[in-house]
Amino acid sequence: MKSSGIFFVLLAILAAGCSPLMLKPADFSWPIEDELKSDSQGVVHEDRYSVSFSIKPLMYAEFKDSVNVGSKSIRLIRGVRGYYYITGPKFKNVYVFAQGDGGLVLEKAVPVSKDGLTSPAFNQRSPYIELINGKDKPILLTKDGIHEEAKK
């Protein structure tokens, strides 16, 4: 009887040691968006949040052109759950990225405009990201796409 009690105590200690340490709640959001211009190599830098990445694959996905990437402008914001939302002028989509091993991994491309955005801007509307495009009705976004209530 005593040995089975010791076994269960050891098993509980072992199980507790295997569960990952998680610090919750956490808020990864940036208070405002950033407008970033790419350098001649197609890399954007945001010094305030220490992030930089190449937009060449993004430009190819959106425009089928990864050569003319110098001085291109994108809009970038990070939501509460840590996802990055990226779009830009003439984009037809908002791209939602997660942080991966040494890069950003596409979670979803959200179609938002048939003709391309003219003057996109992001706002935090926790728990959503709000996309504004000129006089168009604002769109509420999540990592999964357009928030259903916003579609009505």
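Buried here means under 20% relative accessible area, exposed means over 50%, and partly exposed is anything in between (1.4 Å probe, protein chains only). This is a predicted model, where local features need pLDDT of at least 70 and side-chain atom pairs count only at pLDDT 80 or more, while totals for chains, interfaces and linings use all residues. Residues are numbered from 1 along each chain as its sequence is written, and side-chain values use heavy atoms, with hydrogens and water left out.

**View 1. The whole chain, as a place to start.** There are 3 helices and 11 strands here (DSSP runs numbered from the N terminus, with helices being H or I of at least four residues and strands E of at least two). Of the 152 residues, 35% are buried. The chain exposes about 10,000 Å², and carbon and sulfur atoms supply 57% of that (Shrake-Rupley method with a 1.4 Å probe; for residues, only the protein chains shown count as cover).

**View 2. An open sheet of 5 strands.** Follow the strands in the order β1-β4-β5-β6-β7, and you'll find antiparallel pairing (two strands pair if DSSP finds at least two bridges between them). β1 (34-37) and β7 (104-111) sit at the edges with a single partner strand each, so one side of each has no neighbour in the sheet. From one strand to the next, the twist averages 30 degrees. Zoom in on β1 and β4 (residues 73-78): 4 bridges join these antiparallel strands, and Lys37 stands opposite Ser73 in β4.

**View 3. Helix α2 across the sheet.** Residues 56-63 make up α2, which lies across β4, β5 (84-87) and β6 (93-99). The helix runs at about 150 degrees to β6 (axes are lines fitted to C-alpha atoms, for helices over the stretch in contact, and angles run from 0 to 180 degrees between N-to-C directions; contact means heavy atoms within 4.5 Å).

**View 4. Arg75 and its two glutamates.** The structure holds 6 salt bridges (a side-chain nitrogen of Lys or Arg within 4 Å of a carboxyl oxygen of Asp or Glu). In one of them, Arg75 pairs with Glu33, with the closest N and O atoms 2.6 Å apart. That pair links distant parts of the chain, since Arg75 is in strand β4 and Glu33 is in the loop between α1 and β1, 42 residues apart. Both Arg75 and Glu33 are buried. Arg75 also meets Glu35 in a salt bridge (3.9 Å, N to O), and Glu35 in β1 is 40 residues from Arg75. Glu35 is partly exposed, at 47% relative accessibility.

**View 5. Lys143 and Asp144, side by side.** These two side chains meet in a salt bridge (3.1 Å, N to O). Lys143 is partly exposed at 27%, while Asp144 is exposed at 53%.

View 6. Most residues other than glycine have a negative phi, and most peptide bonds are trans. A cis bond joins Lys24 and Pro25, with omega about -5 degrees, and Pro25 lies in the loop between α1 (2-18) and β1. Another cis bond joins Ser126 and Pro127, with omega about 10 degrees; look for Pro127 in the loop between β8 (120-125) and β9 (128-133). Ser50 has a positive phi of about 55 degrees and sits in the loop between β2 (43-46) and β3 (51-54). Ser71 has a positive phi of about 60 degrees, in the loop between α2 and β4. Ser50 is exposed at 67%, and Ser71 is exposed at 56%.
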